[in-house]
Amino acid sequence: MTFHLKHLRKEFAGDGAPRVVLDGIDLDIAGGEFVAIVGRSGCGKSTLLRLLAGLDTEYTGVLLHEGAPVRGTDLRRGVVFQDARLFPWLTLADNVDLALAGGTLSARERRALIEERLAGFGLRDYIDAYPKAISGGMAQRVAFARALVNRPSVLLLDEPFSALDALTRGRLQQELLALWRREGLTVVIVTHDIEEAVLLADRVIVLDQHPGCVKRIQRIDLPRPRRRGDPAFGAAHDSLLAEFDNPEAEPADMLAA
Amino acid sequence: MSRRWKGALLPLLLLAAWQWESQRGAVYAALFPSLQQIGAAALELWRSEELQGAIEASLARACIGLVIGGAAGIAGGLLMALSRPVDSLLGPIVHALRQVPLFAWIPLIGVWLGSGEASRLFVVELSAFFPCLLNAYEGVANVDRRYLEVAQVLRLPLATRVRRLALPAALPGILTGLSHAVALAWIAAVASELLFASGPGLGNSMLMAEAGARMDVVLLCTAVIGLLGHAMNSITARLGQRLLRWRDVENGS
């Protein structure tokens, strides 16, 4: 099992009573699996991803990655955030090079690896450009290159496409699927976009809120490539969307697909 | 271009008023030496190489003090921001000491270091030290939390974290501190010559001219001090623009 979560609980201390964000999360994620976590804003889905990444290590319960408790970040787990978070004072090549700073490769080997990675994302002509000079979609590609250059076995994605325009988003979703298949990655993506979840994932985890817990786990058995117009796609989408149809619902940001 | 002309308008008017005032009679001429007199004084001091000597001495004092005080300030600020133990050790005393105005140090400095070059340099160093320290500290301490998370995810070694994250992120702050330090160091260099008067320097030349009732030389020195300070500030601003070019690249999308 790549990830094993049991009774996972996370609370934030505040003034007065601590706020429970996640409670009783039980979840297993197999190697090579593509899992999407969906839920309303504020349901703790990003918090869950940060726990998986090791960015937040204050939790109770069990959180194992390949059998060992997660106690901090690890190069076996690549992370891409909603914003690309490139350092604006470094060229694209140097931004990717950051990921190799702790390694043992020579400068020349690193450069070759970086060129190969960036070329793979269609950024060959921008290797020595600064982040300010490129578009949001390109910046996010660099963020993927940076996350992948160390060949992690797990890729953790926190709404990686939600800041992009529809066209770019669609293209990057396809690139992600190709990457996942080619490199045998385990992917966990957090999204508020049900359509994106159904399009990409093997399994969709629906999180409830207050406190965040697993409400439903939906296996998506549709063959790939999946088509949004396909009736089976629509059925899976609608059945998941129904999870969010309750009277207390805020005007659904879930529909923002 | 038209902006530049507008900026020059007021100084030109002032010079004209000055010139007019100096022509009104002997009493005024002593207090308001005419532009010709000041020009003649400049020529005289230039020929005797007194002016060059004074400029050189003052500039050297400002630069040496700036380099020593500024470097110490930047190093101290970075260390405090990067290391919590250093911060808790030095923080309180630094923040207490920086409340003491520069000129309140003068009596102590005079007693400890005498009234020679050591004291003058120390005043300049002190003036450059605090703005550099505070701004370098703020620059590092305010690094975007999102970038720190990237550093955490990529497990950047400490050296890389300092060189590729903390320093460049703090650079705008460091440069702000440095530009304040340049202005203050120049003021302090001239002031230190007025306070510990001995040896060459523009401040000293002014004092001697005052004693000798040479208003033309006093005014000449004032003008030179102003112009040099202005020049130093614009050089610092240019340097800052060059170093922060990554902020101003045009968005190609």
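A contact on this tour means heavy atoms within 4.5 Å. Helices (H or I, at least four residues) and strands (E, at least two) are DSSP runs, numbered from the N terminus. Buried means under 20% relative accessible area, with exposed over 50% and partly exposed in between (1.4 Å probe, protein chains only).

Some housekeeping: this is a predicted model, where local features need pLDDT of at least 70 and side-chain atom pairs count only at pLDDT 80 or more, while totals for chains, interfaces and linings use all residues. Residues are numbered from 1 along each chain as its sequence is written, chains are lettered from A and ligands numbered from 1 in the order in which they are written, and side-chain values use heavy atoms, leaving out hydrogens and water.

**Stop 1: helix 8 of chain B**

Select residues 145-153 of chain B; the buried residues here are Tyr147(B), Glu149(B), Val150(B), Ala151(B) and Val153(B). What covers them? The cover includes helix 1 (45-53), strand 6 (77-80) and helix 4 (136-148) of chain A, together with helix 9 (158-195) of chain B.

**Stop 2: strand 8 of chain A**

Next, pick residues 186-191 of chain A. Six of the six residues are buried, so strand 8 of chain A is largely enclosed by the rest of the structure. One side carries Thr186(A), Val188(A) and Val190(A), the other Val187(A), Ile189(A) and Thr191(A).

Show the neighbouring strands too (two strands pair if DSSP finds at least two bridges between them). Strand 3 (residues 34-38) of chain A pairs with strand 8 of chain A in the parallel sense over five bridges, and Ala36(A) sits opposite Ile189(A). Strand 7 (residues 154-158) of chain A also pairs with strand 8 of chain A in the parallel sense, over five bridges, with Asp158(A) opposite Val190(A).

**Stop 3: His65(A)**

Stay in chain A and go to strand 4 (residues 60-65), where you'll find His65(A). Is His65(A) buried or exposed? At 0% relative accessibility, His65(A) counts as buried. Leaving out residues up to four places away in sequence, the residues that His65(A) touches include Thr2(A), Phe3(A), Arg76(A) and Ser153(A).

**Last stop: two helices of chain B**

Finally, select helix 1 (residues 2-22) and helix 3 (residues 35-47) of chain B. Where they meet, Leu15(B), Trp18(B) and Gln19(B) of helix 1 of chain B touch Leu35(B), Gln36(B) and Ile38(B) of helix 3 of chain B.

Notes:
Axes fitted to C-alpha atoms, helices over the stretch in contact; angles between N-to-C directions.
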